[in-house]
Amino acid sequence: MPEKKLRVEFMAMTPDALSLIYAAFRQCYHAGFVADMWPKLLSGEIDPQVQADFVSKTMESGHDSPIEHVSMTFAVEGISRACSHQIVRHRIASYSQQSQRYVAENDMEFIVPPAIAKIPEAKERFERFMAEVQSAYGDLRQILIDNGRKSKANEDARFVLPQAAETKIVITMNCRSLNHFFNLRCCQRAQWEVRDLADALLKVCKEKLPAIFANGGARCQQLGYCPESPKFACGKYPTREKN
């Protein structure tokens, strides 16, 4: 029953992502039909750096809806169910999560919060409880199997599993949804685990599509002030009232 660490793997992105976003932006301001320039974009006749500069400058104006045309997909493991419950609240996205009905937790991996991990007695009690949960899960699952639940034993035994239980998930979001995710979840006020995930995803996004994500992150970094009220501000930036 080992402790599990975060792992993020990039899986896929909409093909010709930068050119597609550039074309979508251009259609908003171009009298012609952008499909006619598409072959030039794909061939590199229109310099990719020119495309990137145009996209970045247009986004600075606040116009960002065309970036919805490109999506990115990631595989994530080493997060808790507590973390995944926060992720799936971001609605313009697609998720495929490991099922506790079909995957038996016979050797449950789990996430230990750093605040608990750094206190020996807290970590010892936490891990002892994880062992107790594992034992209860195994006992209940076997009792259910012995009493006829068979392949459905998992779906009832899982009710004792904790939010610390590790889960795996595939996430697909369009670029606008990703930026919104980073605005909220890279914030210092975000819960530590989902913030760690957001930071890891943002690092990949900056590498794959810098024209879109170079300035990605917490909203305060883009605004130059904290959009929260003084009561909730972390202090890194002045609040709107003081700006």
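How many helices and strands does the protein chain have? In this predicted model, the protein chain has eleven helices and four strands.

The overall dimensions come next. The C-alpha atoms fill a box of roughly 70 × 45 × 25 Å along the principal axes. The radius of gyration of the protein chain is 23 Å, whereas a compact globule of 243 residues would have a value near 18 Å. Of the 243 residues, 38% count as buried. The protein chain exposes about 13500 Å², and carbon and sulfur atoms supply 52% of that area. When contacts between residues at least 6 apart in sequence are considered, 72% of them join residues at least 24 apart. As for charge, there are 32 positive and 29 negative side chains, and the centres of the two sets lie 4 Å apart.

Helix H8 covers residues 175-185, and it is largely enclosed by the rest of the structure because eight of its eleven residues are buried. The buried residues in H8 are Cys 175, Ser 177, Leu 178, Asn 179, Phe 181, Phe 182, Asn 183 and Arg 185. At the start of H8, a side-chain oxygen of Asn 174 comes to within 2.9 Å of the backbone nitrogen of Arg 176.

Apart from neighbours within four places in sequence, Asn 183 is in contact with Gly 217, Ala 218, Arg 219 and Gln 222. With Gln 222 there is also a polar contact of 3.4 Å between the two side chains.

The backbone deserves a look at two loop positions. Most residues other than glycine have a negative phi. Asp 16 sits in the loop that runs between strand E1 (7-13) and helix H1 (17-29). With a relative accessibility of 45%, Asp 16 counts as partly exposed.

Lys 150 also has a positive phi, near 50°, in a residue other than glycine. Lys 150 is found in the loop between helix H6 (120-146) and helix H7 (153-157). Which class does the accessibility of Lys 150 give? At 62% relative accessibility, Lys 150 lies over the 50% cut-off and therefore counts as exposed.

How values were computed. Residues are numbered from 1 along each chain as its sequence is written. This is a predicted model: local features need pLDDT of at least 70, side-chain atom pairs count only at pLDDT 80 or more; totals for chains, interfaces and linings use all residues. Side-chain values use heavy atoms; hydrogens and water are left out. The radius of gyration is taken over C-alpha atoms; the globule rule is 2.2 Å times the number of residues to the power 0.38. Buried means under 20% relative accessible area, exposed over 50%, partly exposed in between (1.4 Å probe, protein chains only). Contact means heavy atoms within 4.5 Å. Accessible areas come from the Shrake-Rupley method with a 1.4 Å probe; for residues, only the protein chains shown count as cover. Lys and Arg count as positive and Asp and Glu as negative; His and the chain ends are not counted. The place of a charge is taken as NZ of Lys, CZ of Arg, CG of Asp or CD of Glu. A polar contact is a pair of N or O atoms within 3.5 Å; within protein, one must be able to donate a hydrogen and the other to accept it, and residues adjacent in sequence count only if both atoms are side-chain atoms.
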